[in-house]
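Q: Can you walk me through this one? I'd like to go piece by piece.

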Amino acid sequence: MLMRDEMKRTRIREEDDDEAWPSQPSESLTVTVVKPKKSKSQPQTKPGSIPDNPPEEMTILPFTFFQIDALDLAPRLLGKFLRRDDVVLQITEVEAYRQNDSACHGRFGVTARTAPVFGPGGNAYVYLCYGLHTMLNVVADKEGVGAAVLIRSCAPVSGLETIQQRRGQKTDKPVLLNGPGKIGQALGLSTEWSNHPLYTPGGLEILDGPEPEKMLIGPRVGIEYALPEHVNALWRFAVAGTSWISAPKNTLRPP
């Protein structure tokens, strides 16, 4: 994993998002985020788990961050930020889907639907579940591997009103974002976001964030069709001490 003291930070302004950038930058980028004003409706979380607001300056994770096995990438994404327009979410729960995994879409080979999961690590893979729920995945590893990390749950950091409008739900409780379909909806995503590079400024980005103090692990959800070894694999990861995670919670435990 690229160490912070090895990263060359380039400061950019949000109005520069339309500039041309290399498709696979090896350097991290720093963006300025406007901190939202606190209000009574601003969601609060347990101390030490998820901060109320993001820092004023946040670093876009570099292309190299994602060039690792999905099982290694998944826990490293906990605590990181997803940002689109005024909406910033902090990742609280993920699942890893690996190469030769009978629960991974890559098992079908390259098709019109699965082609994005075989792209380079750091790209988005967005698919429809049951033709209804938009599921956001972060492609992992080298191009051609066919692995990804599903974003299962997040905590809202800013843009709460936009999130509520997109979700059609006026609440600041975990039910707002405790499921993968809810994440896609809150970010306003469609399958057209597949192949979008999450390591470049503009559109949808993944920004650096604090590593959680403690983590929970458990089997993945809804993959009963897979081989027993993959059904029972502890490839689901969640931030400990936060209520912003999905059901079932009783299958999660400390590592």
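Predicted model: local features only at pLDDT ≥ 70, side-chain atom pairs only at ≥ 80, totals over all residues.

Q: Which strand is joined to strand 6, and how do the two run?
A: Strand 7, residues 133-140, is joined to strand 6 by six bridges, and the two run antiparallel. Across the pairing, Leu128 stands opposite Thr134 in strand 7.

Q: What do strand 6 and strand 7 form, and how many residues lie between them?
A: They form a hairpin with three residues between the strands. In the turn, Tyr130 has a positive phi of about 55°.

Q: Switching to rings. How many aromatic pairs are there?
A: The count comes to three. One of them is Phe63 with Tyr199, an edge-to-face pair with 5.1 Å centre to centre and 75° between the planes.

Q: Where in the chain are Phe63 and Tyr199?
A: In distant parts, 136 residues apart. Phe63 is in the loop between strand 3 (57-60) and helix 1 (70-77), while Tyr199 is in the loop between helix 3 (180-186) and strand 9 (204-207).

Q: Is Phe63 buried or exposed? And what about Tyr199, buried or exposed?
A: Phe63 has a relative accessible area of 13%, so it counts as buried. Tyr199 is buried too, at 3% relative accessibility.

Q: What sits over the ring of Tyr97?
A: The charged end of Arg220, 4.6 Å from the ring centre.

Q: Now helix 2, residues 160-167. Which of its residues are buried?
A: The buried ones are Leu160, Thr162, Ile163, Gln164 and Arg167.

Q: What covers the buried residues of helix 2?
A: The cover includes strand 5 (87-97), strand 8 (147-158) and helix 3.

Q: Last one: which residue follows helix 2?
A: Gly168 follows helix 2, and its phi is positive, near 65°.

Note on methods
Residues numbered from 1 in each chain as written. Heavy atoms only, no water. Phe/Tyr/Trp six-rings, centres within 6.5 Å; stacked < 30°, edge-to-face > 60°. Helix = DSSP H or I, 4+ residues; strand = E, 2+ residues; numbered from the N terminus. Buried < 20%, exposed > 50% of the residue type's maximum accessible area, 1.4 Å probe, protein only. Lys NZ or Arg CZ within 6 Å of the ring centre and 35° of its normal. Pairing = 2+ DSSP bridges. Contact = heavy atoms within 4.5 Å.
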